[in-house]
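Reader: I am new to this structure. Please show me how to read a few of its features.

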Amino acid sequence: MSEGQEAKAAQKMNILFVMYDQLRFDYLSCAGHPHLETPNFDRVAAMGVRFTNAYVQSPICGASRMSFYTGRYTSSHGAQWNGFPLRVGEQTMGDHLRRAGMACWLIGKTHMKADADGMARLGLSPDTVIGARQAECGFDSWIRDDGLWAEGPDGFYDEKRSPYNEYLKLKGYSSQNPWADFANAGRTADGDIASGWMFRNADQPANIHEQDSETPWLTRKTIEFIDQADGPWCAHVSYIKPHWPYIVPAPYHDMYGPNQVPAATRHDSERDDPHPVFGAYMNNKVAQAFQRDEVRHKVIPAYMGLIKQCDDQLGVLLDHLEATGRMDNTMIVLTSDHGDYLGDHWLGEKDMFHEPSVKIPLIIYDPRSTADATRGSTCDALVESIDVAATFVEAAGGTVPDHIIEGRSLMPWLQGEKPNWRTFVISEYDYSSTPQCVALGLTPRDARLFMVYDGRFKLIHAEGGFRPMLFDLQADPDEFHDLGKTTNHREHIDRLYGYLAQWGRRMSQRVTKSDSDIIGARGRSMRRGILPFLYDGSEVDEALTVKYRGPSPAHFRDD
């Protein structure tokens, strides 16, 4: 980068924060996938750093995203499952970045539910700037579309207006819900809908022109934003794919076939006396579907096609940044809110703490020369999703408010430094809203899981009186053998429980006063005349007692 380009980047740093929904960490060619080529993900990895041990704070959409956006653990912000409102007043990266002089915009999905009761209690209207930001997870919304426009006998799953559906209607897709009838459905030879909700249809092409499908549509919206934006800005570009429904338009629908579906990473021993929570999840509907080879052979090629389309559209964005001269002053971050089991460990979806679910891709490109030494490298430090918010604040030139943001900035790793770093990562899962809670006979407060992982041993604690689960990922990288079934590894269990207790004692709710605020306030009350517990005043500096010495005023006379 030339001196002029460096000066431009330093003067006007932007952040393109791209999230893909339900993208596994290992379904990228730069991460070693044997069949799926993702040259544009690889392109960003070659320019920046790929973090190989990044973990989400909860393996479920809503809770994970709220941790990304707040920089806080799920038990700190409280929005611990889909549809749980993020409480009014919770500070987000938008709040922190605006203080540092950077705008913060949303383009796509957040899965955030507003705290309508809290807003009403405080008199915040969603049609005001403050109210709108509270209702949109702290972002200014360029366009929000959460992307699940399902419809059943009781109406739509999401009752908000769908900008994407309105776009499709304007393009001539004549339907009340073209998202369901065209973008996420094929068409049978008889002219009937082949819905993407049915796994048997996953190998069909979606009945839509590729350029009108969700991923290219959001890419165009992103370019519209970039072309009018006056930085510095952070744009959260949040794609719904490769999240289900697993169906993709031509030509992506048949790029991959059953012969390119990796064998499921699972072992019969996992079903031999499993932990009760694990057993309950292996018995749920989605797990039973993905235990069938015919489902995996239909779904996984479609999932790969969706990722390939995402990679191609990433290329469109990268080319636009280069063509408009913005690559030199735009940080690019590629990540996901969680993974997808796809039949591994006899499971489907996410929810538990095996690597395919809780581990995510994280690639960061910093255009500044301070990051030149790490370009094209990987970093195996233990990273949490809450580190992203801290990184953005530092990249924007701000100071990370570590009494609020619980993550740690990744800037030292990007700049080739070796910081004193964490020794374990934490993830949490509140499954109180699920059928598994009911099946296990738990109260909502007991339906909680905690993961602590130190880079080798992974402990999962389950509330409700259950034994812990333990995996040794050095000896058993596929996490087949639950060492918590015996008492032979008590020292590792005790050590990891010690880490969990250490984390549980963190100071997470004192968010209105920083340590520096507290230190700066020490002694302030004495300088304002509060001098208790003195015998004759000689115990303190004379300047503090000057108002309490000298001639006494006239005596009070009782006439």
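Reader: Is R448 buried or exposed, or partly exposed?

Author: Buried means under 20% relative accessible area, exposed over 50%, and partly exposed in between (1.4 Å probe, protein chains only). R448 has 27% relative accessibility, so it counts as partly exposed. This is a predicted model, where local features need pLDDT of at least 70, side-chain atom pairs count only at pLDDT 80 or more, and totals for chains, interfaces and linings use all residues. Residues are numbered from 1 along each chain as its sequence is written, and side-chain values use heavy atoms, with hydrogens and water left out.

Reader: Which residues does R448 touch, not counting those up to four places away in sequence?

Author: A contact means heavy atoms within 4.5 Å. R448 touches Y429, D430, Y431, H461, A462 and E463. Between the C-alpha atoms of R448 and Y431 there are 6.1 Å, although the two are 17 residues apart along the chain.

Reader: In which strand is R448 found?

Author: Strands (E, at least two residues) and helices (H or I, at least four) are DSSP runs, numbered from the N terminus. R448 is found in strand 15, residues 448–453. The protein has 17 strands and 20 helices.

Reader: What span should helix 10 have?

Author: The expected span is 1.5 Å times one less than the number of residues. Helix 10 (residues 214–228) has 15 residues and should therefore span 21 Å; its end C-alpha atoms are 22 Å apart, which agrees. Its buried residues include W217, L218 and F225.

Reader: How much of the protein counts as buried?

Author: Of its 559 residues, 57% do.
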